[in-house]
Amino acid sequence: MPLPPGVNGANAVITLRMINNVISEHTSPSSVPFMISQLYMTPVLETCASLSTSSQYTGDKSEGSALLHRFKTRVSSLLQSKLPVEKWIGIALAKAAMESSFECLASNGEVWVRLMVPILTKPEPSPTINYAIATLTRVFTVLTVDKPTLIRQIVSPNLPVTIGHILNILKPVNSSVSDAMPSEDTLATALEALKDLLCHNPVTFRPFTQRAQEIVLSVLSPQRGLSKLGRLAGDLFVSLHLSGTAPRSGTSGITANEGGGSSSGNRATAVAEGWTRAVKAVISEIDELLDVILRCMDEGHRIGRNRSTEVSGVSNIGLSEWKGISKGFDRAEMLLRLLSRFLCHPTSSQVAVPVGQFVGLTGRLTGLSCEAAENNTAIERPERETVIVRLSGLKCCALNLLSSTIERLGRIFAPLVNLVIEQLAFAYSEHRSDTGIRTAVYTLLTALLNLFGPALDKQTVASVHPILSSLYTDLVLNADEPKTTLPAKPVGKRGNRNTGKQKEIHADSLLSSSSRPNSRPMWLRGLISAAEELLVAVLEKLPPNYVRPQTRRLLDRAAVFTANEKAMMASVLFPATSPDGNLRGRSILPHLVGVSRGNLAVEGIVRPRLPVLWVGRRRADGVEEEEGEGKDEEVEDEEEEEEAAVVHKINAVQSSSIIEKPTAKRSVSDDQDTAPSPKRRKSHTPIPPSASPRTLEPDSVPQPTQAISTAHTALDYTFIKTTQQTVPEAQPQPTTPTPTTTTATATPLFASAITTTQHIEAIRENARLEAVDSDDEMIIPEIDMGESSDDDDDESEEI
């Protein structure tokens, strides 16, 4: 919870008063870190500037403004001091104040920047120069972005002068080549500042492009290729196209307009053409350089090769001259790495990438064989041996160039995939023992498989099987240093005569590899990392039926032995299959579970916690019911209903007779067709035919014992009989004096045991009796079957 505004104001006043006392009385570099941390961590300057207009601050409101004015005045005096230490302290405080307070940047930024620019022209120590360059670059590139007023007040008047001063620090105008370059730190700071200023203000940097290019080319050298300074110089060289314009015809070097220039003068078109021209110039430089250093190779397309004794050359893009076969190889590797940096940096507009020239250059290098250099006796032997040894380094740079191209273009590179796979396969077959070649091949193949692995055909996959087989060797067999074996003991009682003269073994060589801090050599770590990434890509992206069984077994073993969880997961998800699609081999899922250590993805594969999905279930009557997901309650209700139906059927089967009630019951055959009464209706259920019908005697036909009314409904009773049992006939009950009740004998009748004549006679007799006493009304009692009639009807239908 933030503190009240009054407390913040009091703390800010106290902190700023302490800072003013320190920089006024005890000016020491050791106190600068603490003061800068206070400026960055707390809004001291902003709070003191707003105290005069704050209504919540109860103290002296003018004190904050006075302290802030005193701080700004002291920083300005430190920037104008003649002592290097005080200048350094003033630059540090000014940078912290402008970055932490917009009020200081708007009010005193113009003054402080104007005081720091002249420091670059004076012979100051390197720390002061470096701090001033970093502060000015920060103001010009970050602090004033999207602020038109500050750009007009601070950037526009001071930026061109600052760029000129930085270039003079790198190389003075009237200096000779023999003059010493600045220190490494100053050189790196200046190159990084020029690159940032160029990217943020390319139009302002345009007048200095040619001079910056000359300085960068003088800094570029094979010795600085892999260092921080070499990377910064390469980045600045690649970014110079941002300030380019439409070239004029007749110019030479990188700015030459090979395509006739841009007539429209569009800046975006000029930038794109400048990028393409620079790339083509570097490719042309590499081709001419290879013509000289590879003169012992018979490539078949070069005519009039240089046969002079001295191997040397002149650069066409502005680099210094080189002499010697080793210097030539160093420069070729540097230019190949520089060409890769063109693809690693973003561009401000859409550019045309000469992919064909890239692939042609790499194909020229990867297609070279060492046997061609050995058989050429016209070249001296030292030069041929140098070419044989250094050729693998050139091929590594070429493969890395292809990797950068694929990373930049993505799926646009699809038409050249098969050609590139042929190149890397040939390079691997020629230099498979070289660690750098294997690392570059693994990296390039990983990039190809991640993008185009599922689309590769079987023949292309077969060409990379030797590369895939070497993964097991690099990951398992070469993972540790070779172990020293103990000398064998002499066999027999008598030892050899020279037993005492055996070579002594160092005691440390007998230690196990586990006791060493890191048994894997440093030069193998890059190879192992590239091999692990390729192992995962092969198991994930390649079609499993295209990989040979022997190779797949080696890949699975490598994944298990190295405990590579990603590779094992890919092997489990995409198991080995035969060409016809059937699974082949065993899964390594148990090994994956052993190394997963609670991985949720592995838990989901081994023990999925999804509910059981009921797709369908066939009932006993052959009807298939479709059930949805999550309807467990409906399933339970249906099961309970089925159980109740079975219990009811069993009870009905076990009952051999019908219990009669005291009231009279009428028994009417199913074949009788009586008209329903409009006063009372009852549902009619057909009687199923009995499996074993009984023969009904004529005497068993029910006879009415009392006159009944015409308001009645023919009843239809269903009796279940599964065995041959004799049902005794019901004895007639005595009649009651109530006129509305009747008595009748209830005898189970079946349609198959009653003849047509008997039915007709029974109907006529009933009609005669009804006509006799039509005024009386008879209430026909319901038959109690143990359950409701509706349930009985449903159960009879199911039976």
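Residues are numbered from 1 along each chain as its sequence is written, and side-chain values use heavy atoms, with hydrogens and water left out.

The average pLDDT (the predictor's confidence in each residue, from 0 to 100) is 74 for the protein, and 63% of the residues score at least 70. Over residues 622–631 the pLDDT falls below 50, and this stretch has 16 contacts (heavy atoms within 4.5 Å) beyond near neighbours in sequence. Residues 656–754 likewise stay under 50, with 151 contacts in the model beyond four places in sequence. Where pLDDT is low, the predicted coordinates should not be read in detail.

The protein contains 29 helices and 4 strands, taken as DSSP runs numbered from the N terminus (H or I of at least four residues for helices, E of at least two for strands). Of its 799 residues, 41% count as buried, where buried means under 20% relative accessible area, exposed over 50% and partly exposed in between, with a 1.4 Å probe and protein chains only. Among contacts between residues at least 6 apart in sequence, 75% join residues at least 24 apart.

Two helix pairs were examined, with axes given by lines fitted to C-alpha atoms over the stretch in contact and angles running from 0 to 180 degrees between N-to-C directions. Angles under 35 degrees count as roughly parallel, over 145 as roughly antiparallel, 65 to 115 as roughly perpendicular and the rest as oblique. Helix H15 (residues 355–366) packs against helix H18 (residues 417–430) at an angle of about 25°, with the axes 9 Å apart, and the two are therefore roughly parallel to each other. In their contact, Val359, Thr362, Gly363 and Thr366 of H15 meet Leu419, Gln423, Phe426 and Ala427 of H18. These residues divide into 4 nonpolar, 4 polar and no charged, with Ala, Val, Leu, Ile, Met, Phe, Trp, Tyr, Cys and Pro counted as nonpolar, Asp, Glu, Lys and Arg as charged, and the others, Gly among them, as polar.

Helix H6 (residues 102–116) and helix H7 (residues 126–143) pack at an angle of about 140° with an axis separation of 10 Å, which makes H6 oblique to H7. Leu105, Val113 and Met116 in H6 meet Thr135, Leu136, Val139, Phe140 and Leu143 in H7, a contact with 7 nonpolar, 1 polar and no charged residues.

Leu191 lies in helix H9 (residues 184–200) and is buried, with a relative accessible area of 1%. Beyond its neighbours within four places in sequence, Leu191 is in contact with Leu170, Val219, Leu229, Leu232, Ala233 and Leu236; the C-alpha atoms of Leu191 and Ala233, 42 residues apart along the chain, are separated by 6.5 Å. In helix H11 (residues 209–219), the buried residues are Thr209, Ala212, Gln213, Ile215, Val216, Leu217 and Val219, and their cover includes helix H8 (148–170), H9, helix H10 (202–205) and helix H12 (228–239).

Most residues other than glycine have a negative phi. Asp146, in the loop between H7 and H8, has a positive phi near 60° and counts as exposed at 73% relative accessibility. Ala563, in the loop between helix H23 (549–561) and helix H24 (565–573), has a positive phi near 55° and is partly exposed at 42% relative accessibility.

Terms used:
This is a predicted model: local features need pLDDT of at least 70, side-chain atom pairs count only at pLDDT 80 or more; totals for chains, interfaces and linings use all residues.
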